[in-house]
Amino acid sequence: MHQITTGKWNGYDTFILHSDTLEATLLPGLGNNVIRLWDKASERDVLRTPAESELDYYLTKPYHFGIPMLMPPGRIRRGRFAYAGVDYQFDQNTANENHIHGLHRTQAWTVVGQHITDSYCSVTATFRTTDDPNWMRQYPTPLEISMELKLAGGTLTQKLTVTNLGDKAAPFGFGTHTWLMLDQQPERWSLTVPVTGVYELDEELIMTGRTLPLQEHDTLNHGLNLKGSQFDTVFSIGSHQPEAWLTRDDGYRIRYTGNEPYFKHWVLYTRGEADEIICVEPYTWLPDAPNLPFDQATTGLIDLQPQTPVELVLDLEVIQP
């Protein structure tokens, strides 16, 4: 049975999508992020969930909880790049005066539709960047962004549709910073992510333009036990399908996939040694993509043509043991 209920988080409306096994909580008024995914069957939080007492922290760093959307993801050197004759200057919001994790933070989205059937339920929300002067100051091409969040049984789907409302091409990149819980038991979990190389980072954690061999990270292709692991690492998937598996030793599994040809990179992040969480982050573009010495087929930079929508789809499936 699927249904949608409403609630509140710090006074902001939430939409809660229900199936027999999962509950997904969407917070449209503060960035339209998924802030909770509750596994009813196993009685556990799948994602790192913000407490109501953490509102100030959420407002500062909304990408530290749930499934935050990054537009674009990762760092941009000095926040500066040029594309199709347009100069872009993003805010320099890191210690090294670079930019990190894009222009989408806590903007209010408008819920425009809900749908419930026997097999799924969904909520659709939209956002126009012209409603945010701070966004337009940094990225002057107007965009319309729509996100359908759909829950079907054990699968949560995010379908992002991006449309360039301007009259010239614009660069676009998208990713999520998905916080998957390990329940302080990293030794019980293994991660399988088909990858082919590691993108080298400099001392400012920005791409150097070099791709390194996997070496010890090749274990990710076969299943890496997460005890003692530590990541803040950007990987290429090469010709592999964009698919990651997080597996517990009792057969509990989480499958995370993105649609081709858009999702080309994975970032793994553990915030120190893996314990409470691992962030498994699918990216379309490589951080600092417009400034890298690679072609767009490699960086994943999406060339948004006027009035030509692009659909980006992510599925997160929870499989019971």
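Q: Hi! Which residues line the largest cavity?
A: In this predicted model, the lining of the largest cavity is made up of M71, P72, F81, F90, L103, W135, Y139, L143, P171, F172, G173 and W285.

Q: How do those split by class, nonpolar, polar and charged?
A: Eleven of the lining residues are nonpolar and one is polar, with no charged residues.

Q: And how much space is in there, in the largest cavity?
A: The largest cavity holds about 70 Å³.

Q: How many cavities of 30 Å³ or more turn up in the whole structure?
A: The search finds two.

Q: What lines the second largest cavity?
A: Its lining consists of N33, P62, Y63, P68, M69, L70, H104 and R105. By class, that gives five nonpolar residues, two polar and one charged.

Q: Let's switch to H265. Where is it found?
A: H265 belongs to strand 25, which covers residues 265-273.

Q: Is H265 buried or exposed?
A: H265 is buried, because its relative accessible area is 2%, and buried means under 20%.

Q: What does the side chain of H265 reach?
A: It reaches the backbone oxygen of T298, at 3.4 Å.

Q: Which residues does H265 touch, leaving out those up to four places away in sequence?
A: H265 touches Y199, F235, I237, E281, P282, Y283, T284, W285, L286, T298, T299 and G300.

Q: New topic, cysteines. How many disulfides does the search of the whole structure find?
A: Zero disulfides are found.

Q: What about C121, buried or exposed?
A: C121 is buried, because its relative accessibility is 0%.

Q: And C279, buried or exposed?
A: C279 has a relative accessible area of 0%, so C279 is buried.

Key:
Residues numbered from 1 in each chain as written. Predicted model: local features only at pLDDT ≥ 70, side-chain atom pairs only at ≥ 80, totals over all residues. Heavy atoms only, no water. Disulfide = S-S within 2.5 Å. Buried < 20%, exposed > 50% of the residue type's maximum accessible area, 1.4 Å probe, protein only. 1 Å grid on protein atoms, 1.4 Å probe; cavity = no way out; pocket = protein on both sides within 12 Å on 5 of 7 lines; lining within 4 Å. Points joined across faces, edges and corners; volume = space filled by probe spheres on them. Nonpolar A, V, L, I, M, F, W, Y, C, P; charged D, E, K, R; others polar. Helix = DSSP H or I, 4+ residues; strand = E, 2+ residues; numbered from the N terminus. Polar contact = N/O pair within 3.5 Å; in protein donor to acceptor, adjacent residues only side chain to side chain. Contact = heavy atoms within 4.5 Å.
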